[in-house]
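Reader: I would like to learn how to read a model like this one, feature by feature. Could we go through it together?

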Amino acid sequence: MLENLNIFLSAPNLWVQTIVNGVVIGSVFALAAYGMALIWGVSKIINIAQGEFVILGGYITFILYSSGINPVWGLFLAPLLLFGLGLLLYHSIIFRIIKKDLFISILATFGISIVIQQTMNSLFGPDVQVVSTDLGNISLSGGSILIPYARLISFFLCIAVAISITLFMKRTKTGKAIRATAQNPQAAHILGINTNSIYAITFAINAAICGIAGFLVVLNLTIHPYTGLPYTIRSFMIVIIAGLGNLIGVILSGIGIGIVEEFTDYTLGSEFRLALIFLLLVLILVIRGQVLKRRRQYLE
Amino acid sequence: MKKNNLVLLALIVFGALTPFVFPNYLSQISFFWIFVILAITWDAQGGQLGYNSFGNIFFFGLGMYLVPVMQISLYFDLGEWTAAGGTKTFTHQPAEYFIGLFAGLALAALIPFLVSFVLGKGILNLRGQYFAICTLGLGVAAAEIAGTIDVIGGGSGLTVPVWPREGVVPISRDDFYYLISFILAIKCIFFFQYVYKSKLGYLFNAIRDNEDKAEAMGINTTQVKLLNWSFSALFLGIAGGILGNIIGFIDPTDVAFAGSTYGVWMVLMAILGGKGYIWGAVLGATIFHFFQEFFWIYFLGWQRIALGVLIVIIVVFFPEGMMGWFRNRYPRWFGIVIEKKNEK
């Protein structure tokens, strides 16, 4: 453990490698987190099935890949199918819990996540899957730093998706309606916005964003039916650090978490990766609770 | 009040007669008693305090590990034991087994009880959804960490000591574990009933209804919340220790810190029965136990999907649970009398 740390500290090449990996992976986390912030802000729902959407997007890409089709089509097919799934879930279940307690939404989406997990497990099998891309690497400083082209492309893709979502929210009528509903659903309703369909579209857009994230996950990391929860937890953490509706903050904290994870991966070993995520979540929430408590005390 | 005692008496009679009436189903019914404890201890937060916890499984798993660790390390070297794995050459003498077991159970009560105070200081400050997600993280983190500790078997699990040879002990293994889980469940019911009737119970409900107001009324809310959680932790620790010995093999993610089975089930049982009622928790545990046995036997492979669907159905269509439904339907049973308007 300490030896790894020493090696790490003495080799600045590794720093660059870790940071680059962290940035790329973190930007993928940020995508899923942005989706979570979107529905949390608009319809007051915490979606525990977020990670399962990501993994499902990954599996859609994997199916294309394993049946001989260019996996790049997954970039279009995964969000499309998940958009459909999002609409379906909204119109069957989510609309019933939208005005209720947040805990109800947590528990109901937890139930949905179990169903999706198990369905994926019985459809695609319990193996770890990966789509290998032979796009080659960029080697820097004499080959000691290797950056796969796939990672580089993923990073720019994340940025592109983030920009297009921002444009969508700012420029289009639907985007404006979504923002209006987030600010004040009743006023939006009075002004003639069909809030119910806005909620449905938001949920579906969230699922589609997760689909893109899943596409990127399967290209750069691995997928497995039961690895959805860590993505949900990362999203939740990122949203808590960044706050709702703060896209730049979401991207930055996503990248931060990505770098922290890559760093622990290298120094402590990858078996601590998941433990770290969940401990970090507990820590961040506890710190947040202390800060809020102190603020409450000052008010008195 | 009378009805309450009647139900309790019926439950005790059922429990006492079970070894004679259903001798073949003893281990299933021991599970049922453990489920009752899980539901009641979850309801203490979810129903009475208004803090929906996903992390109570943490104390359960902690207790489950503590009992065999104590049992083993009192007489053998824990590292050697785990290294030997399934093919063990170490055996406990009957006296050693029981001394180890009860010392372990005492430890499994004490340590979760103390740990809950330490953790609660930080975590119980969180409200609503933040508390729920934080405790969810706690449970999973515990499973991941337990999976990396080699001395307790790491990811491949820990086997518990074998029951002493037949004939040496006057009671069979199933009977013994049935008896202690039954006694613990009844104690748990008595204890929580007593607490809910005392002043502390009213403080719990005051915090559930409006925490800020309760604080403004001069209640030390942190202390009350800590007490509530530590009561649950104590019972959960012992229950975990018993269940670990009943199952006989402790896996960090599937048995001890099993968020996707026991961790969700306890929430589901309490909600199914009706949050905020001790008998709701018992009722929920009963119904859920039948459901679970049924699906695990007849729909093997699909049971998890059925569980997910069940969660969604209960939460979406039935959030008030059985007791809530009864309360709406027959308010008189709950002492709610609607007085008729006086006709002039």
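**A buried alanine and its helix**

Author: Gladly! Let us begin with one residue: Ala142(B) is buried, since 26 other C-beta atoms lie within 10 Å. The general idea is a neighbour count: a residue is buried if 20 or more other C-beta atoms lie within 10 Å of its own, exposed if 12 or fewer, and partly exposed in between, with C-beta atoms placed from the backbone. Please keep in mind that this is a predicted model, in which local features need pLDDT of at least 70, side-chain atom pairs count only at pLDDT 80 or more, and totals for chains, interfaces and linings use all residues. Residues are numbered from 1 along each chain as its sequence is written, while chains are lettered from A and ligands numbered from 1 in the order in which they are written.

Reader: In which helix is Ala142(B) found, and which residues does Ala142(B) touch?

Author: Helices (H or I, at least four residues) and strands (E, at least two) are DSSP runs, numbered from the N terminus. Ala142(B) belongs to helix α6 of chain B. For contacts, the test is that the C-beta atoms of two residues, placed from the backbone, lie within 7 Å. Leaving aside residues up to four places away in sequence, Ala142(B) touches Phe58(B), Gly61(B) and Phe257(B). The C-alpha atoms of Ala142(B) and Ile57(B) are separated by 9.4 Å, with the two residues 85 apart along the chain.

Reader: How do the axes of α3(B) and α6(B) cross?

Author: Axes are lines fitted to C-alpha atoms, for helices over the stretch in contact, and angles run from 0 to 180 degrees between N-to-C directions. Helix α3 (residues 57–73) of chain B and α6(B) have axes that come within 8 Å and cross at roughly 25 degrees. Angles under 35 degrees count as roughly parallel, over 145 as roughly antiparallel, 65 to 115 as roughly perpendicular and the rest as oblique. Therefore α3(B) and α6(B) are roughly parallel to each other.

Reader: Which residues meet there?

Author: From α3(B) come Ile57(B), Phe58(B), Gly61(B) and Tyr65(B), and they meet Leu138(B), Gly139(B), Ala142(B) and Ala146(B) of α6(B). By type, this contact has six nonpolar residues, two polar and no charged. Here Ala, Val, Leu, Ile, Met, Phe, Trp, Tyr, Cys and Pro count as nonpolar, Asp, Glu, Lys and Arg as charged, and the others, Gly among them, as polar.

Reader: Which elements of chain B supply the side that touches chain A?

Author: In the interface, 30 residues of chain B are in contact with 33 residues of chain A. On the chain B side, α5 (94–123), α6 (128–146), α12 (259–273) and α14 (303–317) each supply at least two residues. The most come from α6(B), with twelve residues. That side of chain B divides into 19 nonpolar, nine polar and two charged residues.

Reader: Where is confidence lowest and highest in chain B?

Author: pLDDT is the predictor's confidence in each residue, from 0 to 100. In chain B, confidence is lowest in helix α4 (residues 78–84), at a mean of 73, and highest in helix α10 (residues 221–247), at 92. The mean pLDDT of chain B is 85, and 96% of its residues reach 70 or more. In chain A, the lowest is helix α1 (residues 2–10), at a mean of 69. Where pLDDT is low, the predicted coordinates should not be read in detail. For the complex, the predictor gives an ipTM of 0.84 and a pTM of 0.88.
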